[in-house]
Amino acid sequence: MGLGGKIALGCGGLLVLLLVVFGFGLMGSYNGLNTLSQGVDAQWGQVENVYQRRSDLVPNLVATVKGAAAFEKDTFTAVTEARAKVGQVSTGGKAPGSPEAMANFQKAQEGLGSALSRLLVVVEKYPDLKATQNFRDLQAQLEGTENRIAVERMRFNEAAQAFNTKRNSFPTVVIAGFFGERFRERAYFKAQAGADVAPKVAF
């Protein structure tokens, strides 16, 4: 074999080696993104679970309060409508694929949270209701659920951050681009507007 043949064989071997390294790199990046993506969706399932728990508590809470505050119809209507809006915002069991979808989900959930807050303010007018064991149990469950929501949202944001950091690092960002929507950057939960301002308490 002549010198030219050896050079050609060496270049061919080097090309094959580079293709193998690139293939393994592509496979590793894809598998890493896939693992992190599944982690985001799994954590989203936990977010949905705690929001569903809150939604499930609403009818019992409303029924308990209605008995003592039957004429507070506007408040009950607001809670019922907010709960219905939450039910209309479906994510199909996967984390929202865009910031707009995340904003819609968050807006519906914040609407229900706000309506529940108004309902609990109404309850302040009825000390007999506040003293009942049934109401106290429901209130404790609701408070516990709100705490779980905060924790699961934080964990979701952490999972989304891990995915986005990996997705946007080089050369993974190039590889992610080949798969289009499959590895789209994940949206975060954002603080509610005004959450950075301490509430004013008037006596």
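A residue is called buried when its relative accessible area is under 20%, exposed when over 50%, and partly exposed in between, using a 1.4 Å probe and protein chains only. By this criterion, 32% of the 203 residues in the chain are buried. The structure is a predicted model, in which local features need pLDDT of at least 70 and side-chain atom pairs count only at pLDDT 80 or more, while totals for chains, interfaces and linings use all residues. Residues are numbered from 1 along each chain as its sequence is written, and side-chain values use heavy atoms, with hydrogens and water left out.

The chain contains 6 helices and 0 strands, where helices (H or I, at least four residues) and strands (E, at least two) are DSSP runs numbered from the N terminus. The order of elements from the N terminus is α-α-α-α-α-α. Among contacts (heavy atoms within 4.5 Å) with a separation of 6 or more, 80% are between residues 24 or more positions apart.

In soluble globular proteins, nonpolar side chains tend to be buried together. A nonpolar core is here a set of buried Ala, Val, Leu, Ile, Met, Phe, Trp, Tyr and Cys residues joined through side-chain atoms within 4.5 Å. The largest such core has 22 residues, and Leu61, Val65, Val79, Leu116 and Leu119 have the most contacts inside it. At least two residues of this core come from each of helix 1 (3-68), helix 2 (73-88), helix 3 (99-123) and helix 5. Helix 3 gives the largest share, 7 residues. Apart from this core lies another, of 18 residues, including Tyr51, Met102, Ala176 and Phe189. Beyond its neighbours within four places in sequence, leucine 61 contacts Leu116, Leu119, Phe135, Leu138 and Leu142.

Two packed helices are described by the angle between their axes and the distance between the axes. Axes are lines fitted to C-alpha atoms, for helices over the stretch in contact, and angles run from 0 to 180 degrees between N-to-C directions. Helix 2 and helix 3 pack at about 160 degrees, with axes 8 Å apart. Helix 2 is therefore roughly antiparallel to helix 3; angles under 35 degrees count as roughly parallel, over 145 as roughly antiparallel, 65 to 115 as roughly perpendicular and the rest as oblique. Residues in this contact include Phe76, Val79 and Arg83 of helix 2 and Leu112, Leu116 and Leu119 of helix 3. By class, the contact has 11 nonpolar, 3 polar and 3 charged residues. Here Ala, Val, Leu, Ile, Met, Phe, Trp, Tyr, Cys and Pro count as nonpolar, Asp, Glu, Lys and Arg as charged, and the others, Gly among them, as polar.

Helix 3 and helix 5 pack at an angle of about 155 degrees, with axes 13 Å apart. Helix 3 is thus roughly antiparallel to helix 5. Met102, Gln106, Leu116, Leu120 and Val123 of helix 3 meet Phe135, Gln139, Leu142, Arg153 and Phe156 of helix 5. This contact has 7 nonpolar, 2 polar and 1 charged residues.

Glutamine 43 lies in helix 1 and counts as buried because its relative accessibility is 14%. Not counting residues up to four places away in sequence, glutamine 43 touches Glu152, Arg155, Phe156 and Ala159.

Most residues other than glycine have a negative phi, and most peptide bonds are trans. The bond joining phenylalanine 170 and proline 171 is cis, with omega about 5 degrees. Proline 171 is in the loop between helix 5 (133-167) and helix 6 (172-178).
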